[in-house]
Amino acid sequence: MNRILVIDDEDVIRMLVVEILESAGYDVTSAESAEAALTLLDEGEFDLVVSDVIMPGLSGLELLEAVRARRASLPVVLVTGAGTYDTLSQALTRGAAGLVTKPFAHSDLQSAVADALERAALSRDDLRERLLAPTLASALANAIEARDEYLHGHCERLASLAVRVAELLGLPTDEVETVRLGAILHDVGKIGIPDRVLLKPGALDDEERRIIQTHPEIGDKLLEPLDLLSGARPIVRHHHERWDGTGYPDRLAGAAIPLGARIVAVSDSIEVMSSRQLYRQPSTPEQILNELRTCRGKQWDPQIVDLVLGLIDSGELVLSSDGLHLLEQPPPEVTMPGFSVLLVEDDDDHALLVTEVLKDALDGAVVSRVGSVAGAAEASNGSTWSLAVVDHNLPDGLGMQVLDALRASDPTMPILMLTGQGSEEMAIEAFRHGASDYVVKGGGYLEALASRVRGLVAT
């Protein structure tokens, strides 16, 4: 049950708001002033704040800023009888999650609260998925590789090839990430295989082979309760299916095999052939090429094999005795004539560096810089921008205020936030206010900025 803190200096209004929200199933605590509310916030956890705007002492707008200083991602819905444009503008500029004007219907208040809670939850869930899914996948993969010294780095190497193939197939960014997670997790089911089978230095007998062939189903079952990794399950389950239908566990054939599993099947086989295993020495590049050509259209999807052969022919994919290696390719040149970028950054040195990066990453783009919230508001008024890059700390306010103003003028424009703080709270707040992505200033952040900008422009 969501906990809500209600603040209003008028007893009747406060009691009414509490009653309306309690009838909707919320756990509600109330305070008669902003100062009392801040004490409650310091002492307990709440999911949302509902506050009047005009009160003795701290106003609702001042309370909003104090709440943001304590917990940036805590949504605040303001209730006001002063339904002027100025009040609305200040509320949104300072980061309010909603505004309800008196007199209001019960449904108006309940709807504003429900919408604010839903947006906050989506921001948290989206960020957790971005941050936790890769970490969890790597941890599970490491648990397998720790049992066999010859597997060290195996998952990451084959994942790099799988991602490259997915990119060549033109898959969307989210599907490429799913392929990467599936590649890292493909053998997670081997956690359930006994050492006497998994680490046997010689050939497996029929019974041992039957045991090892259960690992895709074991892996699928292991991931079943983990919603964050649900997209990887078809890859984990089906990466040992064969194009001709003689694989396992479900004997799928051809296009019935999930595309991600087909990609990982080829990548896994190449990585295994090219690296030393417990039971054999690595194959030579010539042997691997011969195997790929021989099993094309039998064991593996012929289109994927052809893509990999092209990577080998071009020299991008190198096969060596310690596994496969993908040579880093220079980023494609992005020519953006007529592409306009709004840079909101008050620090001259950082602004110069970021401008150079943007011009290099987006050849032909025109970068215009302002150094304040007020300057950004003026720049967004009546102007059309292709991209905005916004610093978090500005001399007259916060980058979140700029996000709100830019989103109000153009809901679809890609916006990247620059911040010196890499906390989860800060990232959630940036996404909640409409950021498309964010980069933490620090070592190597300019390279990350160039990569993220290219990604935003390409999507």
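**Exercise 1. Is Cys-295 buried or exposed, judged by its relative accessibility?**

Before we start, a word on the model: it is predicted, so local features need pLDDT of at least 70 and side-chain atom pairs count only at pLDDT 80 or more, while totals for chains, interfaces and linings use all residues. Residues are numbered from 1 along each chain as its sequence is written, and side-chain values use heavy atoms, with hydrogens and water left out.

Step 1. Recall the cut-offs: buried is under 20% relative accessible area, exposed is over 50%, and partly exposed lies in between (1.4 Å probe, protein chains only).

Step 2. Cys-295 has 12% relative accessibility, so it counts as buried.

Step 3. Now look for disulfides (pairs of cysteine sulfur atoms within 2.5 Å). The whole structure has zero of them.

**Exercise 2. Describe how helix 6 packs against helix 12.**

Step 1. Find the elements: helices (H or I, at least four residues) and strands (E, at least two) are DSSP runs, numbered from the N terminus. Helix 6 covers residues 154–168 and helix 12 covers 259–274.

Step 2. Take the axes, which are lines fitted to C-alpha atoms over the stretch in contact, with angles from 0 to 180 degrees between N-to-C directions. They come within 9 Å and cross at roughly 135°.

Step 3. Classify the angle: under 35 degrees is roughly parallel, over 145 roughly antiparallel, 65 to 115 roughly perpendicular, and the rest oblique. Helix 6 is therefore oblique to helix 12.

Step 4. List the contact (heavy atoms within 4.5 Å). Helix 6 contributes residues including Leu-158, Leu-161 and Val-165, and among those from helix 12 are Ile-263, Ser-267 and Ile-270.

**Exercise 3. Which residues of helix 12 meet helix 13?**

Step 1. The axes of helix 12 and helix 13 (residues 285–295) come within 10 Å, crossing at roughly 150°. That angle makes the pair roughly antiparallel.

Step 2. From helix 12, Val-266, Ile-270, Met-273 and Ser-274 meet Ile-288, Glu-291 and Leu-292 of helix 13.

**Exercise 4. Where does Ser-372 lie, and what does it touch?**

Step 1. Ser-372 sits in the loop between strand 11 (366–370) and helix 16 (373–380).

Step 2. With 18% relative accessibility, Ser-372 counts as buried.

Step 3. Leaving aside neighbours within four places in sequence, Ser-372 is in contact with Val-344, Leu-394 and Asp-396.

Step 4. Val-390 is 18 residues away from Ser-372 along the chain, and their C-alpha atoms are separated by 9.8 Å.
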